[in-house]
Amino acid sequence: MTSAVYPNDFAELKQHYHQNGFCILRSFFSKDDMPQLLYDILNAEPSEGQGGLSKGAMQFRSNLFYKSKNIQKFITQQKLVSLVQHIIGHDFWIRWDQAVGKGPYAPVFPWHQDNGYNELSCEHFQCWIAVTKSTSENGTIVISPKSHLNGRLPHTFDGRHTCYKGEVNHSTMIEAEPGDVLLFSSLMLHKTLPNISQSDVRWAYVLEFMSLNDYDPSVPKPYFVISKDGKPYGAFINQHPAKNMLIDIAFHLRKLMGPLRAAFKRLKELFHLHPIAS
Ligand SMILES: O=C(O)CCC(=O)C(=O)O
């Protein structure tokens with residue numbers, strides 16, 4: 001089933017987004033522009049290698065905007081800025097981008113919130129662009145409307161993936177044509193289906209926008225600003241206006257806690273396996 005929402009105006013779009021956690025804009029980009037976008041995606045040099053989340057025929061190409069002028073131009077175009085500012089506000093930057101290709105036999109990408117991956121407490125705004133046709137057979141996206149209202153949910157690690165293993169009350173599969181856009185909250189539960197087609201490769205390009213009032217300590221400088229005062233900005237800055245030393249310290253402590261916890265767990269296991277004789 002495909003859920004379609006065609007907001008008549010931006011106020012309606014904003015209301016729908018906040019109530020349901022998403023909105024869909026059909027044919028937001030021209031279908032004819034998508035082959036060029038795919039070309040730019042495939043020719044951009046990822047800043048984080050080929051993407052640690054790649055698995056089988058599912059490939060991630062991340063942080064493309066850092067080095068590709070064509071991608072920078074695409075993500076700062078007026079049309080996109082005008083749309084997104086109605087949801088986020090006039091000033092926003094991009095914390096992450098990733099293109100995800102799913103070839104035949106690509107596995108499911110399990111239920112998660114994007115905050116489950118980055119463990120941020122603030123919500124950010126995901127712009128999922130169907131670069132190619134996205135169908136139930138070739139691994140399209142499935143969302144759980146209104147799940148963003150539950151806040152950040154507990155996630156567990158599954159290899160390099162982070163998954164939500166709890167119950168998902170209802171879900172909506174979004175099939176899309178090239179150029180369609182799904183805007184959704186980073187707190188929205190979503191997953192992608194396995195690609196069960198024989199030869200179809202599905203590509204989506206995901207932009208993760210964040211208000212300039214919010215800061216992500218995991219993102220190193222420089223920061224690429226998309227919109228300032230509601231106008232396309234398209235330049236890197238070295239000083240993030242919301243940078244906060246306390247957030248930085250908390251982030252680094254939390255990063256340390258992971259390996260420490262694992263070491264304690266290992267010690268506990270060893271202790272139980274080899275109890276000290278009294
Ligand atoms: O493969 C996709 O279309 C989206 C992948 C995804 O779930 C994500 O970027 O968070």
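Modeller: By class, five nonpolar, three polar and one charged residues make up the shell around the ligand; here Ala, Val, Leu, Ile, Met, Phe, Trp, Tyr, Cys and Pro count as nonpolar, Asp, Glu, Lys and Arg as charged, and the others, Gly among them, as polar. The model is a predicted one, in which local features need pLDDT of at least 70 and side-chain atom pairs count only at pLDDT 80 or more, while totals for chains, interfaces and linings use all residues. Residues are numbered from 1 along each chain as its sequence is written.

The residues surrounding the ligand are Gln 98, Val 100, Phe 109, Asp 114, Ile 141, His 190, Thr 192, Ala 204 and Val 206; a residue is near a molecule or strand if its C-beta atom, placed from the backbone, lies within 6 Å of it. Two or more residues of this shell come from each of strand E4 (92-102), strand E12 (190-192) and strand E13 (202-211). Helices (H or I, at least four residues) and strands (E, at least two) are DSSP runs, numbered from the N terminus.

A residue is buried if 20 or more other C-beta atoms lie within 10 Å of its own, exposed if 12 or fewer, and partly exposed in between, with C-beta atoms placed from the backbone. Leaving aside neighbours within four places in sequence, Ile 226 is in contact (C-beta atoms, placed from the backbone, within 7 Å) with Ile 75, Thr 76, Val 81, Phe 92, Trp 93, Ile 94, Phe 209 and Tyr 233.

In helix H4 (residues 78-88), Leu 80, Val 81, Val 84 and Ile 88 are buried. They line one face of the helix, because their directions seen down the axis of H4 fall within an arc of 95 degrees; the arc is that of the directions from the helix axis to the C-beta atoms. These buried residues pack against helix H3, E4, strand E6 (125-130), E13, strand E14 (223-228) and strand E15 (231-237). Gln 78 and Lys 79 are exposed on the other side of H4, and just after this helix Gly 89 takes a positive phi of about 115 degrees.

Helix H2 (residues 34-43) has Met 34, Leu 37 and Ile 41 buried. Seen down the axis of H2, the buried residues fall within an arc of 55 degrees, so they line one face of the helix. The cover over them includes strand E3 (58-62), helix H3 (69-75), E4 and E13. The face of H2 turned away from the buried side carries the exposed residues Pro 35, Gln 36, Tyr 39, Leu 42 and Asn 43.

In the loop between E13 and E14 lies Pro 222, and the peptide bond from Lys 221 to Pro 222 is cis, with omega near 5 degrees. Tyr 105 is placed in the loop between E4 and strand E5 (109-112); its phi is near 75 degrees, a positive value in a residue other than glycine. Tyr 105 counts as partly exposed because it has 14 C-beta neighbours inside 10 Å.

Key:
Two residues are in contact if their C-beta atoms, placed from the backbone, lie within 7 Å.
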